[in-house]
Amino acid sequence: MPAAAKSSDAPKPASSKSGSAVASLSIEDEVRAYREMLLIRRFEEKAGQLYGMGLIGGFCHLYIGQEAVVVGMQMALEEGDQIITAYRDHGHMLVTGMDPKGIMAELTGRRSGFSKGKGGSMHMFSIEKNFYGGHGIVGAQVSLGTGIAFANRYRENRRVCLTYFGDGAANQGQVYESFNMAELWKLPVVYVIENNKYAMGTAVSRASAQTDFSKRGASFNIPGEQVDGMDVRAVKAAGDRAVKFAREGNGPYILEMLTYRYRGHSMSDPAKYRTKDEVDKFRNEHDPITMIRARLIETKRASEDELKKIDGEVRTIVNEAAEFASSDPEPDVSELWTDVTR
Amino acid sequence: MAELTYRDAVARGIAQEMARDPDVVFLGEDVAKAGGVFKATVGLLEQFGPLRVRDTPISEQAILGAAMGAAMTGLKPIAEIMFSDFFAVCFDYIANEFPKSRYMSNGQTKCPLVVRTGNGAGSRFGAQHSQSVENWCMMIPGLKVVAPSNPRDVIGLLAAAVRDPDPVIFLEHKSLYATKGEVPDGEIVDTLGTASIVRPGKDATILALALMVPRALAAAEKLKAEHHIDCEVIDVRSLVPLDTQTILGSLARTHRLFTVEENPRLCGWGAEIVSIAADEGFYDLDGPPVRITTPHIPLPAADILEDIALPTVDRIADRVKRSLGA
């Protein structure tokens, strides 16, 4: 076995080289970013609890640890821009403004869920919020996002499609077919590669010959950069650059977000393939929410009381979502037959 | 009324839909500048321009993924997969993406696209370019599957497929591209899920699809001339939705059922229809239903081998004759 594949090759947090030019956020944006990241964190913790209680079944992939990525990227978008992602999708939906009650109710398989309980954790959509799912096959959404961008180009509507996928999906073939097509046709798509260090249970270094995913578009001339995905300011700044590039008709752009997933791949994964020390290091030293909270206090942009108020509001939203998702009726059995075809 | 080849009907059908709806875009390998590998899309680039008629890289997954992404936003793409055998290369989109999006999204994301493809044997292309893959598609809930046998149906069913709000697999038969047929002037729009009785008869019902339709018709004429057996031939045209009313209605009149299928034997479309007949038309049957198919083998390239693999006019006629005890 090559030396590089040894277990001692533990993932490291993003170095300062990435996102070196960290943009400063306005006070409003920074407080909003804190609130939205916290909402995702608390929502996911609650989903984990409901799963443990048996109220949620099937697959459930939590986003805890990666919150800064979607929050920062969403802040780089304009009204009408689209997003599409894979199955670790709860955070992506929450930042678009989709109702937490509808998301949680989908997790519990209830009739007011975004897909009336027929999609589950991995398959929710909101065309109203320009969220195109919610896809279960690793890498498939990359071609779909490219197609959404193709439609944008066709309509000349100056919209950009954010297409999220993971370090695992980055090794699937259709990703490269899509890269080629997107650059060839100069499609307005930003590929956001969420490198959370593990493709299910396999570390990046054990699955990828080129572990710098920002270079994965190099042979198609697609520019890319690595970003500290634990720092929402760095994400927002990189997002601004990439989205502007795509919107102005220059073609696709790749952002590799260096991030970390605290929980297992799904609820059924005890994550024995990594050490507790490794997880603790990220949690204790690089947690995106702890960092922004400390920064807000330190720079006196927000007071402890103000942040506590936000904490309370977020808890209320999540508790109400959980309560709704526990009491909402199950779908009518007739739903089995609806929306198969028109 | 004009006489048109099946291949020219493809181009006319696409043009008809592109002219009436700016949301229709057409993409595929070699479809624009080269006019299609089977020359079935000649002239479309010149008529509609490179934004709407697009040559793609040889990337079947990206072609179908792009088509679906665009369809989710409301465009109505027609995507060409050059040979239906290549469905296996991009089957994720056909099996997991197109047909599930409406169901999984509570009806929010629709997938109004058409995948056109060259299906079937007869050109000595060998095992990887000659398959009949209709059963790969019809087994997936959420897909519609049609296969025209003549130029008029090409135009009408293509129009119906493009205007349908669901994903439609449109199987063109490679060995029919050069065949000719009468086509009325003006717009032609057909209806999915309708079979057509192409030869009325009273002694037996023969169901056929695509290239097997002219063979079933020739077999019926032979049976009439040589054995006074009067067969009804039905062009199934649409496998999903399936016109069970026309099929079972014919069975109720003739009391015998034959299917002529180009696909390899296991799980062919005829097996499903025989199963439906057993369920819903059992007491109309005066004898066992008979499936006439290609054997369960990969397709060979050599003339003599490919010719005997597919159901021939003689084999169809002989099988019907023996079953009827004539």
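**Figure 1. Surroundings of B:Ser132 in the predicted model**. Apart from its neighbours within four places in sequence, B:Ser132 is in contact with B:Asn119, B:Gly120, B:Glu262, B:Asn263 and B:Pro264. The residue belongs to the loop that runs between β5 (114-119) and α5 (134-138) of chain B. With B:Glu262 there is a polar contact from side chain to side chain, at 3.2 Å. B:Ser132 has a relative accessible area of 5% and is therefore classed as buried, the cut-off being under 20%.

**Figure 2. Pairing of strands β4(B) and β5(B)**. Strand β4 of chain B, residues 76-83, runs parallel to β5(B), and 5 bridges join the two. B:Glu80 has B:Arg116 of β5(B) as its bridge partner.

**Figure 3. Surroundings of B:Ala195**. B:Ala195 is found in the loop between β8 (180-183) and β9 (196-199) of chain B. Its relative accessibility is 12%, so the residue counts as buried. Beyond its neighbours within four places in sequence, B:Ala195 is in contact with B:Ile234, B:Asp235, B:Val236, B:Arg237, B:Asp243 and B:Thr246. Between B:Ala195 and B:Gln245 the C-alpha to C-alpha distance is 9.0 Å, although 50 residues separate them in sequence.

**Figure 4. Crossing of helices α8(B) and α9(B)**. A packed pair of helices is described by the angle between the axes and the distance between them. For α8 (residues 244-254) and α9 (residues 269-280) of chain B, the axes come within 11 Å and cross at roughly 65 degrees. The crossing of α8(B) and α9(B) is right-handed. On α8(B), the contact is made by B:Thr244, B:Ile247, B:Leu248 and B:Leu251; on α9(B), by B:Ile273, B:Ile276, B:Ala277 and B:Glu280. Sorted by class, the residues of this contact are 6 nonpolar, 1 polar and 1 charged.

Key: Residues numbered from 1 in each chain as written. Chains lettered and ligands numbered in written order. Predicted model: local features only at pLDDT ≥ 70, side-chain atom pairs only at ≥ 80, totals over all residues. Heavy atoms only, no water. Axes fitted to C-alpha atoms, helices over the stretch in contact; angles between N-to-C directions. Helix = DSSP H or I, 4+ residues; strand = E, 2+ residues; numbered from the N terminus. Left-handed = near helix turned anticlockwise from the far one by under 90°. Contact = heavy atoms within 4.5 Å. Nonpolar A, V, L, I, M, F, W, Y, C, P; charged D, E, K, R; others polar. Buried < 20%, exposed > 50% of the residue type's maximum accessible area, 1.4 Å probe, protein only. Polar contact = N/O pair within 3.5 Å; in protein donor to acceptor, adjacent residues only side chain to side chain. Pairing = 2+ DSSP bridges.
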